[in-house]
Amino acid sequence: MSAPTPGRLNLILASGSPRRLALLDQAGIVPDRLMPAEIDETPKRGELPRTLAARLAAEKAAKALEILARDPEHRGGLVLAADTVVAVGRRILPKPELVDEAAACLKLLSGRSHRVYTGVALVNAAGHVRTRLAETRLRFKRLSREDVEAYLGSGEWRGKAGGYAVQGLAGTFVVKLVGSYTGVVGLPLYETLGLLAGEGYPVHAGWANRL
Ligand SMILES: Cc1cn([C@H]2C[C@H](O)[C@@H](COP(=O)(O)OP(=O)(O)OP(=O)(O)O)O2)c(=O)[nH]c1=O
């Protein structure tokens with residue numbers, strides 16, 4: 001991680017996802033520390049996908065804060081977390097680890113519209129949690145048997161919400177996307193920078209001389 005800038009707010013990314021770190025970097029922001037937070041991601045009975053995404057993001061941030069509170073090295077600061085949920089109507093799709101689960105997701109997504117909700121949560125030094133939600137509607141082409149078999153063979157679906165990663169081969173399936181592309185990948189940058197700026201984090205400080 002970067003050497004902390006004196007006087008700048010400490011930023012902790014409560015995530016083990018390399019994509020979330022890469023998206024923050026795309027926005028010119030390098031967290032001071034990573035603190036992945038494992039939580040139970042099971043939806044509550046009847047819970048809406050949007051509610052789930054926001055709740056899990058807040059729970060990840062709270063869990064990271066709980067771990068940090070026990071660390072004498074912890075200097076306080078902001079804790080950022082996110083959660084991505086893919087849904088067809090009210091039906092929440094899994095994050096497949098098995099090929100059959102991934103195949104079932106692709107079958108559901110083929111030739112129709114679905115929504116991706118990414119909740120972002122930011123906890124400030126006083127322990128106050130703010131959340132934002134990015135909702136994106138995507139339409140996939142009708143997937144041929146060859147598309148499905150080749151995609152399952154790629155392994156790119158493993159551990160991804162809805163069994164696909166739009167930033168990879170599944171980008172070829174997208175007929176239409178309305179909303180936040182970065183939200184689909186896992187961290188909606190517009191919403192995230194809005195939260196950070198709201199807490200006084202200098203969001204443009206890393207923008208100079210990027211090339
Ligand atoms: C839909 C979609 C999801 N994903 C990924 C983003 C997330 O890593 C994952 C959804 O799972 P999440 O539970 O949101 O995150 P995670 O467990 O991978 O990471 P964290 O440590 O932050 O909790 O799916 C893509 O990379 N591309 C996509 O197009």
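Residues 24 or more positions apart account for 73% of those contacts in the protein that have a separation of 6 or more, where a contact means that two C-beta atoms, placed from the backbone, lie within 7 Å. I begin with that figure and turn now to the model itself.

This is a predicted model, in which local features need pLDDT of at least 70, side-chain atom pairs count only at pLDDT 80 or more, and totals for chains, interfaces and linings use all residues. Residues are numbered from 1 along each chain as its sequence is written.

As to confidence, the average pLDDT of the protein is 95, and 97% of the residues score at least 70; pLDDT is the predictor's confidence in each residue, from 0 to 100. Where pLDDT is low, the predicted coordinates should not be read in detail. For the complex, the predictor gives an ipTM of 0.98 and a pTM of 0.95.

Let me describe the fold. The protein has six helices and seven strands, taken as DSSP runs numbered from the N terminus, with helices being H or I of at least four residues and strands being E of at least two. Along the sequence, their pattern is β-α-β-α-β-β-α-β-β-α-β-α-α. The C-alpha trace spans about 55 × 45 × 25 Å along its principal axes.

Which residues come nearest to the ligand? Among the 24 residues around it, they are Ser15, Gly16, Ser17, Val166 and Gly186; a residue counts as near if its C-beta atom, placed from the backbone, lies within 6 Å. Helix H1 (18-26), strand S3 (78-88) and helix H5 (181-185) each supply at least two residues of this shell, and S3 gives the most, with four.

Is Asp83 buried or exposed? Asp83 is buried, because 24 other C-beta atoms lie within 10 Å. Leaving aside residues up to four places away in sequence, Asp83 touches Ala53, Leu56, Ala57, Lys60, Thr118 and Gly119.

Conventions. Buried ≥ 20, exposed ≤ 12 C-beta atoms within 10 Å, placed from the backbone.
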